[in-house]
Amino acid sequence: MKLTTAQFKTDFLNEIKTLYATDLNDTSALGQFIALGHLVRRYDGSQWTKTSEKYRKKDRKQVYYFSIEFLPGRLLKSNLLNLGLLDTVRAGLKELELDFETISAAEPDPGLGNGGLGRLAACYMDSMASLGIAGNGNGIRYRYGLFKQVFMDGYQVELPDDWLRNGNVWEIRRENKACLVRFGGNVWMQPQADGQLQPVYEQTDDVLAVPYDVGMIGYRNDVTNTLRLWSAELPPSADNAYYSQEQRDRIDDITKVLYPDDSNSEGQALRLRQEYFFSSAGVQSIIRHYGLRHQGMRELGKKIAIHINDTHPTLVIPELMRLLMDDHHCSWDVAWALTTQVMSYTNHTILQEALETWPIDMFKGLLPRIYQIVVEIDRRYRAAKTPIFGEDLVNRTAPLGNGQVRMAYLAVIGSHSVNGVAPLHTELLKNDVLRDLYQVYPERFNNKTNGIATRRWVQLANEPLSQLIDSKISPEWRQQPSQLKTLMAYQKDAKFLKQLTTVKQTNKQALAAYIKQNLGIEVRTDAIFDVQIKRLHAYKRQLLHVLEIIREYLDLKAHPATKAPAHVHIFGAKAAPSYHYAKAIIKLINALADLVNHDPDIGDRLKVVFIPNYGVSLGELIIPAADISEQISTASKEASGTSNMKLMANGAVSLATLDGANIDIIQAAGEANEYPFGLTAKAVYGYYERGDYRSVDFYQADPELKRVLDALVDGTIPGITTEGREIYDSLLRYNDEFFVLADYESYVQQQRQISQDFQDQTKWQQKALANIAAAGIFSADLAVARYADDIWQVPHTLLQD
Ligand code: CR6
């Protein structure tokens, strides 16, 4: 849209006056942010309405992306960018003597997710809007997001994330679109005059689902899509008085907090309630919306695609069956054909503990009608497949088994497409985790490698780099990130490579200032910034990185004259509150930081910085400043990873195992431009099959490793006590489940190589450039276009090369 600076200033001052009945001098940064938010909403308002009208008029097929997590990050800056107003607003605020960055930082960062899964969903929302796909998000409006992490005495402490404290400018409460979700009670089928059976419900616990809509603004294409987040409330019936406090709390709890764990299936009735709550409310609203403009359900498969992001929303399958049969009187066969045509499922992990299952008794009690439908799905699956695949395979793969409802199996059986998120991951699904179901439905399995919103992670997070790129290649890369590859023409351009160093320096200075201000640690910006940002989990092996730091520390102590670049190790990671081992590692890192950072023998040559409360906004500060991207999971365990892509796009070089999308990154940028190491997935599986891994052998064979491990228990690191022993034991006594010791040597070798290579900045920046140039293929736009083409069958406006 068109807006002059003068007009913006007038609008903004008016907005302040209207909202606060005072003038600018009397407002805080937060107040200014809220006023700006209102203004953006107003500027975007007609676009949002027009988009819905256009979709309606053209009767466009709608995609509904169901996810129990969304991590959109702050929206002010990206909304302004997408509307084409960022420069105008910045300039206008400057004329008013206000700093845009300060105002922007006052926006709360909604923590409605744990990590990669939730951020992926948000990146995909951005791309769907930017590609003109009629895409809708469907999730939960948690009143408290993922906990706020602080460190006390080196230990993680979790504080509530009260992100809605000052309201949310971006949301619209649509109480007129609320619907009821039923839990518990009894259900029985009553024959009707026409012979049909109709369910009769008794003594159910009804919950009102109220939607809050947030506009998802496309990049300069006049499109605004909707992210719909549901809130659980007391039904506004006259019976309110009869709700006991316990019932009220039970309803209130449903959308109160996000489960702070992404790698465990929570065996909790509350989690199941959350899942059914947003699945049911979402499907009800889809069917209602569809019903407004279509006669009957025949066209459903042509007009609607529902995507199941990980297993949490799997109950959309029986819920859609329920609505089609009970409310719209479809036969089972018709309803089932429509359901499988509509549904598709993405799996995001091979970790067994993350594959959700629910005890049948709990499931049946909480969702009696849904249970009946799952029983029928199970019965029909068994009847149809046993003659072909035999009883054993069918027993292993049916939705009901071992007293459990098996969500991943139900998701595969009720969908027409199942995808993994990187080629290796998809192969592991086919050959290991879902091998049996792959026999039954080979045609359903496909790969869709993850992608990232390059606009947020490069254009917005790294403006110095974006400007440098603009000075060399056509700004088309901003819409078509694959164009970044043309930057390779500057591989030998010494001046350009120097400019890359300068850009990195600028970003490192910004991060160093944050570190100084918030942690009181001074870091040199000519040091290697070695970054590991992700959830804390044993399989991600922050521990391997820690062992390297201990090695470097001992090395510097023993050989003070060693000439090597300074090294700053930067961590950002939250541990699930109940994950004891992960918390012990946090304590270890902090204790090690204490030791290293205060040792006068070490000075500024080695620093350890654990930045608390890692999330999307901190990512935007850390990622542009990184030299090294630590992607060191045990091969096979990280389904894809996406921080690897963000770091790559910002010129960090990967120090990586051959896992998830690391493999594809290494292939895209060229092996010479990365630091791969360690066991392959095949080698890891080899150890599993033979059962002959002995971590002690590595300990005994390598005196340096022995010294490093002993430091965990011999008092070298004064701040740890029981944690050191616990971690030591996990590696030696309990045989090192994640093969840390097996990969230690090759990891250290690459770290040594990095130390050497970093000294030649020209060569180093050539590697960085190769990464930036190759990162375009990991754009979420491309990923979403592939979902649109292959799975959802909807048109999009991606510019092809
Ligand atoms: N934890 C995977 O572990 C992947 C994202 C998004 C994860 C990670 O490798 O990049 O999903 N899995 O696909 C789950 O959340 C279950 C993750 O973020």
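Me: How do the residues of the shell around the ligand divide into nonpolar, polar and charged?
Reply: In this predicted model, the shell around the ligand holds five nonpolar, nine polar and three charged residues. Of the 17 residues there, those that come nearest are Gly 116, Leu 117, His 348, Ala 639 and Ser 640. Domain 1 (59–74 + 109–448) and domain 2 (454–772) each supply at least three residues to the shell.

Me: What separates the centres of domain 1 and domain 2, and how many residues does the contact take from each?
Reply: Taken over C-alpha atoms, the centres of the two domains are 35 Å apart. The contact takes 37 residues from domain 1 and 33 residues from domain 2. On the side of domain 1 that touches domain 2, helix H6, strand E3, strand E4 and helix H15 give two or more residues each. Strand E3 gives the most, with six residues. By class, this side of domain 1 has 16 nonpolar, 13 polar and eight charged residues.

Me: How is the packing of two helices described?
Reply: One states the angle between their axes and the distance between the axes. Here, helix H18 (residues 463–470) and helix H19 (residues 494–519) pack at about 160 degrees, with their axes 9 Å apart. Because angles over 145 degrees count as roughly antiparallel, H18 is roughly antiparallel to H19. Their crossing is right-handed.

Me: Which residues of H18 and H19 meet?
Reply: Pro 464, Leu 465 and Leu 468 in H18 meet Gln 499, Val 503, Thr 506 and Asn 507 in H19. By class, this contact has four nonpolar, three polar and no charged residues.

Methods: Residues are numbered from 1 along each chain as its sequence is written. This is a predicted model: local features need pLDDT of at least 70, side-chain atom pairs count only at pLDDT 80 or more; totals for chains, interfaces and linings use all residues. A residue is near a molecule or strand if its C-beta atom, placed from the backbone, lies within 6 Å of it. Ala, Val, Leu, Ile, Met, Phe, Trp, Tyr, Cys and Pro count as nonpolar, Asp, Glu, Lys and Arg as charged, and the others, Gly among them, as polar. Domain bounds come from an automatic or database domain assignment. Axes are lines fitted to C-alpha atoms, for helices over the stretch in contact, and angles run from 0 to 180 degrees between N-to-C directions. Helices (H or I, at least four residues) and strands (E, at least two) are DSSP runs, numbered from the N terminus. Angles under 35 degrees count as roughly parallel, over 145 as roughly antiparallel, 65 to 115 as roughly perpendicular and the rest as oblique. A crossing is left-handed if the near helix is turned anticlockwise from the far one by less than a right angle, and right-handed if clockwise. Two residues are in contact if their C-beta atoms, placed from the backbone, lie within 7 Å.
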